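Work through the exercises below with the sequence and the 3D view open. Try each task before reading its solution.

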Amino acid sequence: MVHCRPFGFTGMVEPAITIENDLMGDYEMKGIYLAGACAAALLLGASAASAEGISDGVVKIGVLGDMSGVYKSSFSGEGAVAAVKMAVKDFGGTVLGKPIEVISADHQNKADIGSATARQWIDEQKVDMITDLTNSAVALAVQKLASDKHTITMATGPGSSDLTGKACTKYGIHYGYDTHALAVGTGTAVVKNGGTSWYFITADYAFGHALLHDTSEVVEKLGGKVLGNSMVPIATQDFSSYLLQAQNSGAKVVGLANAGGDTVNSIKQAHEFGLTDAGQQLAGLLVTISDVQSIGTDVAKGLSFTSGWYWNTDEKSKDWAKRYAEVSDNAAPTFVRAADYSLTIAYLNAIKAAGTDDADAVREELGKMKIDDFFAKGGQIRKDGLLIHDMYLLTVKQGGESKWDVANVTATIPGKDAYVAEADSGCSLDAK
Amino acid sequence: MDVMMRLILAQGMLGLNNGVFYAMLSLGLAVIFGMLNVVNFAHGALYMLGAFVALILSSYLGPWIGLDALHLGFWPALIIAPIVVGCFGMLIERTMLRWLYKFDPIYGLLLTFGIALVLQGLFSNYFNSAGTPYPAQPESLRGVVHLGFMVFPKYRLFAILFSIVVCFLTWFVIERTRLGATLRAGVENPELVQAFGINVPRMITLTFGFGTGLAGLAGVLAAPIYSVSPLMGANIIIVVFAVVVIGGMGSILGAITAGLALGLIEGMTKVFYAPAANTVIFFLMVIVLLIRPAGLFGRQN
């Protein structure tokens with residue numbers, strides 16, 4: 001595996017790329033053959049064949065995620081790549097007789113780096129589908145770019161409900177959760193338990209903004225009040241001054257509209273500065289079991305959060321988590337990684353059903369199929385690209401039997417209640 | 001105590017917490033600038049290096065040399081890291097910076113800027129760009145202290161007190177002792193001091209080592225609070241330069257006072273108008289430059 005990362009200020013952009021199983025030397029040869037094939041097709045007066053079979057003789061899946069930052073250990077990282085590779089292996093390694101290849105890269109939570117990488121992947125490496133896309137800012141940029149280039153994206157890590165709302169695209173799929181579902185799940189549970197006044201600590205970019213907006217809506221709809229908000233840059237180490245503002249607001253609930261390392265830091269520091277001892281309740285709006293592990297179950301005890309999946313719910317899920325641990329070097333079996341696996345299988349099944357990797361045909365198959373596996377119970381991908389499936393409300397418990405046994409499922413939220421109705425999503429694909 | 005007062009005091013404590021780091025770093029910069037006339041742009045990177053040395057001692061060194069059980073904790077790091085960073089600084093001075101003294105100071109600035117970029121790039125290549133939590137916070141400094149108006153983590157209180165002591169000692173040595181007098185004389189008139197039998201080049205190397213060692217020390221102190229990231233130096237160095245400019249380039253007392261005061265002002269801004277907190281220092285810098293171009297404590301000439 002080759003890691004290439006730009007040196008120096010990360011503001012100087014070069015796509016940061018991790019290429020695996022790479023046969024760099026073959027590209028030129030392939031290019032020549034391709035050019036020859038195209039020329040032949042033109043001579044014969046036929047259009048380049050794309051509707052049938054596998055283009056370029058290989059199905060390439062690109063995992064574009066945060067491989068080094070705050071979202072590495074709960075969302076992206078090697079754990080996400082391992083989940084996709086595991087799915088490819090379980091699928092048999094080939095589809096329609098052609099090999100399946102998985103490549104990955106680090107977008108460093110920068111939309112420009114993400115876009116540059118995606119562009120290079122699609123144009124030069126002929127990547128057929130891009131997944132992960134943790135970080136909504138990156139996801140929004142890449143989804144738009146990929147759709148313009150007729151390439152399917154299946155985002156798992158990003159939260160913003162805009163991905164399938166006003167920024168929806170024909171080929172963009174959002175798989176696993178979104179900010180609306182989180183707001184409905186956690187927001188409703190907290191308000192119903194008496195948490196009627198909120199102060200938010202929000203990650204200052206697309207994801208945090210969407211989560212703030214969706215949660216405020218839920219809180220206010222249920223008769224609660226939003227007293228204030230602090231916008232905090234992503235990857236902030238010191239939350240103390242924001243936490244003080246939250247404390248001073250007198251709100252009953254401090255809503256953490258952030259994720260990954262930011263959530264871990266803010267919950268830990270809220271504990272350090274005695275917020276919870278003073279009677280305020282924390283509402284982690286996007287928490288993963290990996291975050292809970294980092295915070296420690298003694299500190300996070302009692303925290304309720306919404307999740308797209310939990311490994312300890314049924315035999316199928318437990319079995320998957322066990323096998324995943326073996327192939328991923330014991331990475332956290334978070335719902336996002338399970339989604340990575342599930343969508344890879346769904347995507348490959350769609351190719352098989354369509355008989356081609358052509359984006360239009362595959363997207364149509366994905367919309368038609370029922371996704372009913374260990375991850376998504378009764379799942380269905382809507383026209384706006386959103387996967388509708390059941391969500392779970394988890395509550396952190398102490399003294400679990402294993403490392404990842406950190407929570408109990410306290411409620412199941414049916415997909416149709418958790419996600420926004422198709423008519424209200426704001427997606428204007430139908431109108432076109 | 002009413003709510004407003006409590007908030008002011010609490011943000012003040014946090015401001016002081018940031019302020020001691022500004023003070024420690026700008027102090028090192030001031031020492032280096034005052035004694036060597038070098039604008040050390042690598043200072044932030046050396047602060048980062050200090051934090052990484054602490055992290056490596058606790059988490060990586062053992063496995064690297066095959067002793068998995070070896071974890072050097074916070075206290076050893078507090079001594080080792082500044083020495084490592086100081087030696088690294090002296091190496092830079094001996095091998096590179098030395099050749100640039102006869103040129104315009106801008107060359108020293110460019111060289112150190114380059115060194116900062118190289119260090120930052122190297123560490124981003126091998127470590128998480130968003131930071132790795134420092135695992136070895138000493139057991140004795142865990143927990144909190146109730147200050148009446150707020151709950152304050154013990155470790156942060158320790159960092160504040162420790163830094164203030166270090167700042168005071170540095171000021172005392174340079175401004176009030178014979179050693180400091182020799183140093184200052186060496187800057188004013190190197191030939192004459194050399195004639196007294198003092199090895200001025202060696203003195204300069206040691207001074208640079210001391211200044212960078214201070215940056216390393218600040219890095220170790222910061223590690224348990226801010227977690228260790230390759231960009232931590234780049235994030236703070238801009239603020240620290242503003243502090244140095246406000247305090248007066250090369251003024252020891254100015255650096256310390258301005259560092260603490262600006263930390264407090266930043267904290268107060270968070271009480272009254274939070275969005276301006278990140279920029280208030282730069283506003284002040286503009287004002288100070290317009291009114292007293294040599295800084296509050298600088299010699300106006």
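## Exercise 1: Strands side by side

Task: Find which residue is the bridge partner of Met129(A) in β7(A).

Solution. The bridge partner of Met129(A) in β7(A) is Ile152(A). This is a predicted model; local features need pLDDT of at least 70, side-chain atom pairs count only at pLDDT 80 or more, and totals for chains, interfaces and linings use all residues, while side-chain values use heavy atoms, leaving out hydrogens and water. Residues are numbered from 1 along each chain as its sequence is written, chains are lettered from A, and ligands are numbered from 1 in the order in which they are written. Helices (H or I, at least four residues) and strands (E, at least two) are DSSP runs, numbered from the N terminus.

Step 1. Strand β6 (residues 129-132) of chain A pairs with β7(A) in the parallel sense, over four bridges. Two strands pair if DSSP finds at least two bridges between them.

Step 2. Now move to β8 (residues 172-174) of chain A. β7(A) and β8(A) also pair in the parallel sense, over three bridges. Here Thr153(A) stands opposite Gly172(A).

Step 3. β6(A), helix α4 (residues 136-148) of chain A and β7(A) make a right-handed β-α-β unit. Right-handed means that, with the strands pointing away from the viewer, the path from the first strand over the helix to the second runs clockwise.

## Exercise 2: Check a helix length

Task: What should the 13 residues of helix α3 (residues 111-123) of chain A span?

Solution. The expected span is 1.5 Å times one less than the number of residues. For α3(A) this gives 18 Å. The end C-alpha atoms are 18 Å apart, which agrees. Buried residues of α3(A) include Ile113(A), Ala118(A) and Trp121(A).

## Exercise 3: An open sheet

Task: In what order do the three strands of the open sheet with β15(A) stand?

Solution. The order is β14-β15-β16 (chain A), with antiparallel pairing. β14 (370-371) and β16 (387-388) of chain A stand at the edges, each with a single partner strand, so one side of each lacks a neighbour in the sheet.

How values were computed. Buried means under 20% relative accessible area, exposed over 50%, partly exposed in between (1.4 Å probe, protein chains only).
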